[in-house]
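Try each task before reading its solution.

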Amino acid sequence: MDGAIAADEARNGADWKLGVDIGGTFIDFCALESRSGRVASLKVLTTPEDPGAELMTGLALLAEREGFDPGRTTRFVHGTTVGINTIIQRKGAKLALFTNAGFEDVIELARLRMPDMYSLFCSRPDPLISRDMVFGIPARMRADGSETHAPDMAAVERAVATAKANGAQGIIVSFLHAWRNAAQEASVKAAISRLAPGLFVFASAEVWPVIREYERSSTAILNGYVHPRVSSYLTALEARLKDRGVPARPMLTKSNGGVMNAAEGKRACVNMLLSGTASGVIGASWLARQAGEDKILTLDIGGTSADFALIIGGEAQFGTGELIGEFPLHIPSVSVSSIGVGGGSIASVDAQGVLRVGPESAGSMPGPACYGRGGERATVTDAMVVCGWLGHSDMAYGQLRIDTGLAHRAVGELAARLGRPVKQTAQAILDIAVSEMFVEVEKLASRAGVDLRDFTLMPFGGGGPMLGAFLARELGMKRVMAPRRPGVVSALGGLVADLRGDFIRTIFSPLSAASLPAIREAFEALAQEGRDWLAAQGHDAVAQLNLSCDMRYLGQSYEIEVVLSPEWLADGDADAIEKAFHRTHEQLYDFHDRDGAIELVNVRLSAIGAGPALSFPRTEEIDAPANPARRLPVYTGRSVQTVDLHDRQTLVPGSTFHGPAVVVQEDTTFAIPAGTQARVDRHLNLLVTFAE
């Protein structure tokens, strides 16, 4: 951007809103200059040895290239993988668990399920807290919240001394029935803080006060396990932003697709474990609504993984039980399915001579061989280069220059082991990657009960457009929609996300007119809690409160979430709630029992403070064939074909062309297979339609 333009914007009081998301290979920036609506984007390679340093590099580059003014930043939203990487790499805090005497095996027993019941070689993950660091405290609370035995404080004192001697950095307190009455947890936490002020302490009921001791305990453990690294990272982030002159209060993206302030993130670390994947889906939802797309399957491919989610009615879908590494997360999260196949996924030949792809990734350092940063093993990105889809322009906003010779050498080593031509080996790598994603997407569609032929695929992330159209073709989908800047959709998600806090209260109650006053009282308490939370985040405007209940037929082991209307509670309309439960049960399981007794287990509330109302400029479409920049040879699976190469910057609304083709841009490359028609819409989305 011209320096004179930047100076003129500064004089006119232009301000910037900035979304930043850190992935496994790149950190993405999406900056919006609010007065003109101009969007600036950037990708910078991550620095695993010094998390956060790449943020400062990116801010400097945005200032240099785009006229970004840190001192005029009015919104700064950040998504980070520090928490989830801590769990995956098992580099978290050494913890102790204080629980009821006799229940010391709670985290090892879990739910007595194996991750893959049909595998002879399946094993359960080792707990994040070793058995010698679990301490049973004589104490008991009844399910009705009455106390049978007060906590033995002498036992607490002995356990604290042993935990400290064994090197504990923090302690998790999780007692039976704390969801009903948290007094015992609170008293033990206070005693620990007094006895060992150098240790941090989390009580399960303050992290997520839900019934079922394993789910409550494991969620609190995840929160404590990542706490030191997340807290120190956020403290350093705040200091770096202050030094850089950024006045905006740093906000963090959450697993539930909302945002919260960094101060809360230091305590409620568990809420941001899936922040990156969630904000990508939120960004995609916003883009879908802008384009008028009702049903979207998202495909977010980074360097390490491919993430999938469904957007229905323009809204992301939510659930609980998402996996964080090998451990389930039991707080509300955007429903995302992931598989270890990304652009940096390494291809290998196993002992039986079978070609495999992933889950091991080359990451950002050394990265794929074609990056020229020391990587020597073939990856999915290298296979794309060998086939000819990649390597025709610099990548990552000019920061990476593709070395085709290194890619051919890496894939050639695998080809020699397999006794196959190099290009066929590269195509086999791509076919395996697509087939593995196909299996995962089919599982997602089956669980949701949807027909993907009714959906449009939205690929994003650096690798999504590379493989997205090929996956859509295999799934029988009719359309692909690639946004203007696919590489920074997750960062965009942070820009457009709302403040969102989730609150829960367990109350066992039969559903009847007589029980509605107690249910209404619980919701009113949660509503006040939600408003207080929004106020603490600095939101003083109107709040949106979404109500739901976890309900089940009497005798069932697990419940389903049913969305409620506030009017039903205000009017005492138990019949409307009952019908909503039957309807939801029918949708999920294809049956309902109209005469079955219904039990309400949890009441839930989401408090939402609307984010900034953003919109991108739109341009009228002018139908015109696109002029390719040049033609190039590409191996399309069976033979080498000469295809058109288009520069995304030259494609205007209404531009059309046919596949096969390659579209290059600053943040990714879009590979478009044969038998397709491509068109740019007025939002600058690239729409690819498959022939009938």
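**Exercise 1.** How many bridges join strand β9 to β10, and do the two run parallel or antiparallel?

*Solution.* Keep in mind that this is a predicted model.
Step 1. Locate β9 at residues 170-173.
Step 2. Count its bridges to β10: there are 4.
Step 3. Check the direction: β9 and β10 run parallel.
Step 4. Pick out a facing pair. Ile-172 stands opposite Phe-202 in β10.

**Exercise 2.** Give the strand order of the open sheet and find its edges.

*Solution.* 
Step 1. The sheet has 4 strands, ordered β6-β5-β9-β10, with parallel pairing.
Step 2. β6 (134-137) and β10 (200-203) each have a single partner strand, so one side of each lacks a neighbour in the sheet. These two are the edges.
Step 3. From one strand to the next, the twist averages 20 degrees.

**Exercise 3.** Which strands do helices α6 and α8 meet, and at what angles to β10?

*Solution.* 
Step 1. Helix α6, residues 183-195, lies across β5 (95-100), β9 and β10. Its direction is at about 180 degrees to β10.
Step 2. Helix α8, residues 213-243, packs on the sheet and touches β5, β9 and β10. Its angle with β10 is about 160 degrees.

**Exercise 4.** Is Gln-427 buried or exposed, and which residues does it touch?

*Solution.* 
Step 3. Leave out residues up to four places away in sequence; Gln-427 then touches Cys-387, Tyr-635, Thr-636 and Gly-637.

How values were computed. Residues numbered from 1 in each chain as written. Predicted model: local features only at pLDDT ≥ 70, side-chain atom pairs only at ≥ 80, totals over all residues. Heavy atoms only, no water. Pairing = 2+ DSSP bridges. Axes fitted to C-alpha atoms, helices over the stretch in contact; angles between N-to-C directions. Contact = heavy atoms within 4.5 Å.
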